[in-house]
Amino acid sequence: MSRKIIIIAVCCLLVFAVWSLQSRSVTLYEESFEGGFLKGDIIKNSKELVLNGGINGEGEWNKSIDTLPGKLAWEWEGKDTGDFQFWLRFSFNNHKSLYYVADGSKNPPYEGEYYMDEEGRRRFSPASVISGITTGKVERDIYEDYGACCGSADELKITGIAVGMASDNDQNELKIYNIKIFN
Amino acid sequence: MKKWILLILILVIFSGCVAQPKVENQQNENETIAPIASNESGVKEIAIDSVIFTRTGIAIKTTDAISQATVTISGNGTIIRKNLEGTTSSFSHDIQWIPDTRYDIEIVSKEGTISLSAYSPSRASPLLIGEVKLEDITPENISQGWSNVKGSVKFSPNGKIIALGSDDGFIRIYDLQGNQAWEKKIAGNITTLAFSLDSRQLFVGERSQDANIYSFDTSSGEEKWKYGAAQVLGTDVKYPPAISRIKVTDNSMYVVASRYLKKHQYSLVSRIYRFDLAGNLQWKMPPTNNYLLSINWLDVSKDGQTIVYATGDWTNSLGTDATIYSIDQDARQQWSYSIKPLKPYFTSASIWQGIAVSDDSITALTSDGRAYLFSNANVSKTDSYEWKANIGTPIEVTKIPIYAYGDSAIIAGENVLYLTGYTFPAYYPNKAPMEHPNATSLIAYDKQGNFSWNYKLEGYSRGISISRDNKYVALAVGKNILTKDASSHGVYVLDLERKGGASSKLEWVYQTEGVAIASDISPEGKYIAAIEAPLKLESGEIIGEHRMIILT
């Protein structure tokens, strides 16, 4: 083996080592649907939320969390068969909220968050809505989405997560799982 | 050499071990994220990344660039088709969408066909479409009651370009994506910007020893003319005169120039000018001598027939009234009305940016918080106003009178809007023990004098901008020197046609980390440009940055 080839091989190995160190993601949060508040027809089924359908089946699940934003991934399944609603909401430490609404889904029945400010006044913070998210496996960047339609993401923390589902077709099983925030 | 190779191999293996995904929260499962789905041939499939319903349309982003695309949006019985030029991954359709309505979207491009549907929400979302980093500046200071960061931003009347003026004398022109067309530097601090109605000239006012008004060609940046207001106003090295307002009509422009001196006591000097658009001085008001009072603002009716302004004493030391003047375009006085000082709290009265005219009405908001509405036809007969409201006038808290500074006023259709500033003690050396209930607020009345709503902004806003159809109001909100709450900084948009109270009218808020110091809305209401400036907190930490953002 010539000296030149060895040097090139060493350089390649070094580049690979650096790339290997940098390319691994760190999971900040992973949702197992333990805890939180569940209402309506949604059921927890081994680390996934499922709406089994049935006429006018609908439900919501929400939970307080505390994590930094980052990249975001989840998987959801279901079809728009008419009266279809499927969304994922993240709430932030500044009363903002960001909805991801599935392709064909009706909108969540909320326009934003009402809260009391430090002076005891009732305030309203409108939510931002990103629609047209295809079902299947989804990857987003919360920093990017927040920066595009909410504002500066500095000092931002995620304080809540919620899922809403509705379907009027008992053959239409809606499910969401593998919700992860990572960087 | 073999030792080196062995060492590198160990390093590679070790790096793989230490870089395993780790859970920083309460979870413990590790999994790397799979790549974006590919089709059977291994070619990446293009899909919709996002659909955002903005105030004036639907913005669509695809996961990868598409070319030669035709986008069709159908909903609510209408079909809109648009051909996209070139290659792009972000585009928008102008459409007045109806809330909670299904819109089907089909994109046919060289790369394939994408179809999906989306329901419009009840409220629009903001969308950042441009960002321009600006030069480093000394940050705003949360502990100071005054502002040391200034800037101006203005859309052209045709809605196609944005002018930006900075306190250090830079004038810049941008397109709607934030691409700079040209840049100029003048000697003074830029205080105000205005376009000619045909968008071909940009007028710039400055604070300097010359107090120049400049005209620039908007396409080339060439200086067409300038006029030094100091030649009749006088000047001073320490207290230079300034142009505080330029208002343009189809054939002329009206300018407010003023200065003050502080030696043993304050003295004030001000004047109104009318120019034609070629820079020829038509008249000065007063014709021979300057006002020895302050003038900060003027407004002109849409038909150009009525010009209103007010003299006063913002120093609260000269013992004078605030006097509102209505004149015609030839400087003939139609009427005047004097507002007495609000005693015992103030010795003088003044009006900051709180004077505005519509075709039939004139409103004034005094700095001490009194709002008036006049009928242009009735004042000369009755010598009185139609109605008056106390908006920010002093209230006593623990025997200390506090008031909300009266900042700006506009008449928008049937709405009369007032913008208030910080809470101040009436008068120094006291300190305000709490916020005035109406401080840093946008307050609406109808033209009959009935209170409509009050939106609490939490931070200081330096002016109201409104779309040509009086539908959308945009406000840049900055620091609050009393609460020091930085979470309220940002750009606020209200829809005046939306039914309900102030919260109902709030369309969206786009937050900025630093203070939002200026904003403007494009005439058709589609775009909003705003300037953010960094802010120094009490801890010494500096948050935010100096930049211009363009939103839709």
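Two strands count as paired if DSSP finds at least two bridges between them. Strands (E, at least two residues) and helices (H or I, at least four) are DSSP runs, numbered from the N terminus. With that in hand, let's walk through the model.

This is a predicted model, in which local features need pLDDT of at least 70 and side-chain atom pairs count only at pLDDT 80 or more, while totals for chains, interfaces and linings use all residues. Residues are numbered from 1 along each chain as its sequence is written, and chains are lettered from A and ligands numbered from 1 in the order in which they are written.

**The sheet in chain B**

In chain B, 5 strands form an open sheet in the order 30-31-32-33-34, with antiparallel pairing. At its edges lie strand 30 (395-397) and strand 34 (451-456) of chain B, each pairing on one side only. From one strand to the next the twist averages 25°; here axes are lines fitted to C-alpha atoms, and angles run from 0 to 180 degrees between N-to-C directions.

Strand 30 of chain B runs antiparallel to strand 31 (residues 400-412) of chain B, and 3 bridges join them. Within this pair, B:V397 stands opposite B:I400 of strand 31.

**Strand 14 and its partners in chain A**

Now turn to strand 14 (residues 174-182) of chain A, which pairs with strand 1 of chain A. Strand 4 of chain A is also joined to strand 14, and so is strand 6 of chain A. The table sets out these antiparallel pairings, with one facing residue pair for each.

| Strand of chain A | Bridges to strand 14 | Facing residues |
|---|---|---|
| Strand 1 (residues 27-30) | 3 bridges | A:Y29 and A:I181 |
| Strand 4 (residues 48-51) | 4 bridges | A:L51 and A:L174 |
| Strand 6 (residues 71-77) | 6 bridges | A:A73 and A:K180 |

As background, strands of a sheet pair through backbone hydrogen bonds, either parallel or antiparallel.

**Helix 2 of chain A**

Which residues are buried in helix 2 (residues 142-149) of chain A? They are A:I142, A:D145, A:Y146, A:A148 and A:C149. A residue is buried if 20 or more other C-beta atoms, placed from the backbone, lie within 10 Å of its own. Seen down the axis of helix 2 of chain A, these buried residues fall within an arc of 165°, so they line one face of the helix. That arc is taken from the directions from the helix axis to the C-beta atoms. Just after the helix, A:G151 takes a positive phi of about 140°.

**Domains of chain B**

Chain B is divided into domain 1 (48-119) and domain 2 (293-461), with bounds from an automatic or database domain assignment. Taken over C-alpha atoms, the centres of domain 1 and domain 2 of chain B are separated by 46 Å.

Notes. A residue is buried if 20 or more other C-beta atoms lie within 10 Å of its own, exposed if 12 or fewer, and partly exposed in between; C-beta atoms are placed from the backbone.
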